[in-house]
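Subject: Structure handover

Hi,

Here is the structure I promised to pass on to you. Have a look at it first, and then read on for what turned up.

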Amino acid sequence: MTATAYESNGVERGVGLTALLVAAARAIETHRPDAPARDEYAEHFVRAAPACADWPVRPEEVPGGDADPLWGRLGRYFGLRTRVFDDHLLDRVETGTRQLVLLGAGLDTRAYRLPWPSGSTVFEIDQEPVLAFKQHTLDGLAATSRARRVPIAADLRGDDWPHALLAAGLDPAHPTAWLAEGLLLYLPAAAERRLIAAVTALSAPGSSLGYEVKEGVESAAVRNSPIYTAARERIGVDLLALFDPDPRPDSATTLTHHGWHTTTHTPFDHTPRLGTGLHPEPHDPLSTNRWITGIHQPSPDGTTTDH
């Protein structure tokens, strides 16, 4: 299938275009000496899609360097987010988890670039055009995954994806590491509630979940930030239009009531440990982002708990 065919199928529109934005950021980060995470495949996705063929993929191609709101600041954010969730997943593998589910996998290449132990399976759920573009690009590189990789074409806004996941081989009797790295921002509130309920229903004790949300309502000053403006005007990604406008569910509290032990961090909590130089700024959209991780530890009698 040609790149033009992929474009007509939607990989270069809407949320599919944000996957390319994140890929470009990961490509730039990969070539930094202080990169918190590296993804050697990311730049190939960017170069394979006509809509972003002229986007930067290396730090020296970014005018203004780290001061650039799009490829500097937002790019550094995506690099930091990648590393934090990499560490979370690898920590779960150390406890014996061998099945991982990437919800809204996009152009994620964790199945290829992280050191998975023998017997690991990575299930990747996303829309068919994104998965097809990803597979086509990786096949052209003769890339080899380091875990058993199972792509599943499904719409996470609906109710059918858990059935597709089970049919693909997920075993709910064993712990699962779930990741929704950049997904919930785009889901309607009702779909987020259904997703959290489905993940809980499929999670054996010891399962984990990592995801990203925004906290509260962003002010007009935040919504006019250079990050949002640059993404909209320079590459045609209107993040504010893609974010679901409904009041967000308190999914962390919901998880806690159902036996999950959750931890919430801001992106900047990780800066001292990883040394990325990412710090809050006035009217900063990144300051409203929260990275949440949880471990499923239901009470022995199966009742819900409050913590």
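You'll find P226 in helix α10; helices here are DSSP runs of H or I with at least four residues, strands are E runs of at least two, and both are numbered from the N terminus. Between the C-alpha atoms of P226 and L185 there are 19 Å, with 41 residues separating the two along the chain.

A word on the ground rules: this is a predicted model, so to speak of a local feature requires pLDDT of at least 70 and a side-chain atom pair counts only at pLDDT 80 or more, while totals for chains, interfaces and linings use all residues. Numbering runs from 1 along each chain as its sequence is written, and side-chain values use heavy atoms, with hydrogens and water left out.

Back to α10, and its partner. Helix α4 (residues 69-94) and helix α10 (residues 226-235) have axes that come within 9 Å and cross at roughly 125° (axes are lines fitted to C-alpha atoms, for helices over the stretch in contact, and angles run from 0 to 180 degrees between N-to-C directions). That makes α4 oblique to α10; under 35 degrees would be roughly parallel, over 145 roughly antiparallel, 65 to 115 roughly perpendicular, and the rest is oblique. On the α4 side the contact is made by P69, L70, W71, R73 and L74, and on the α10 side by P226, I227, A230, A231, R234 and I235. Contact means heavy atoms within 4.5 Å.

The largest nonpolar core has 60 residues, and L20, L21, W55 and W71 have the most contacts inside it. A core here is a set of buried Ala, Val, Leu, Ile, Met, Phe, Trp, Tyr and Cys residues joined through side-chain atoms within 4.5 Å. Take L21: leaving aside neighbours within four places in sequence, L21 is in contact with W55, L70, W71, L74, F78, I235 and V237. Apart from that core lies another, of 29 residues, with V101, F123, V150 and A180 among them. As background, nonpolar side chains tend to be buried together in soluble globular proteins.

Rings of Phe, Tyr and Trp (its six-membered ring) pair if their centres lie within 6.5 Å, with planes under 30 degrees apart called stacked, over 60 edge-to-face and the rest tilted. By this rule there are nine aromatic pairs. Y77 and F78 are edge-to-face, because their ring centres are 5.6 Å apart and their planes are at 65°. Both Y77 and F78 are buried. W161 and W178 also form an edge-to-face pair, at 6.4 Å centre to centre and 75° between the planes. W161 belongs to helix α7 (residues 161-167) and W178 to strand β4 (residues 176-180), so this pair ties together parts that are 17 residues apart in sequence. W161 and W178 are buried as well. Ring pairs also link Y77, F78, F85 and W291 into a cluster.

Further along the chain, which residues does L278 touch, not counting those up to four places away in sequence? The list is R73, R76, Y77, L80, F268, T271 and L286. L278 lies in the loop between α13 and β7 and, at 3% relative accessibility, counts as buried. Its C-alpha atom is 9.6 Å from that of L74, although L278 and L74 are 204 residues apart along the chain. T271, in helix α13 (residues 271-274), is buried too, with a relative accessible area of 5%.

Most residues other than glycine have a negative phi. A142 is not a glycine, yet has a positive phi of about 55°; A142 is in the loop between α6 and β3 (148-153) and counts as exposed at 60% relative accessibility. H283, also not a glycine, has a positive phi of about 55°. H283 lies in the loop between α13 and β7 (289-296) and is exposed, with a relative accessible area of 52%.

Cheers

Key
Buried means under 20% relative accessible area, exposed over 50%, partly exposed in between (1.4 Å probe, protein chains only).
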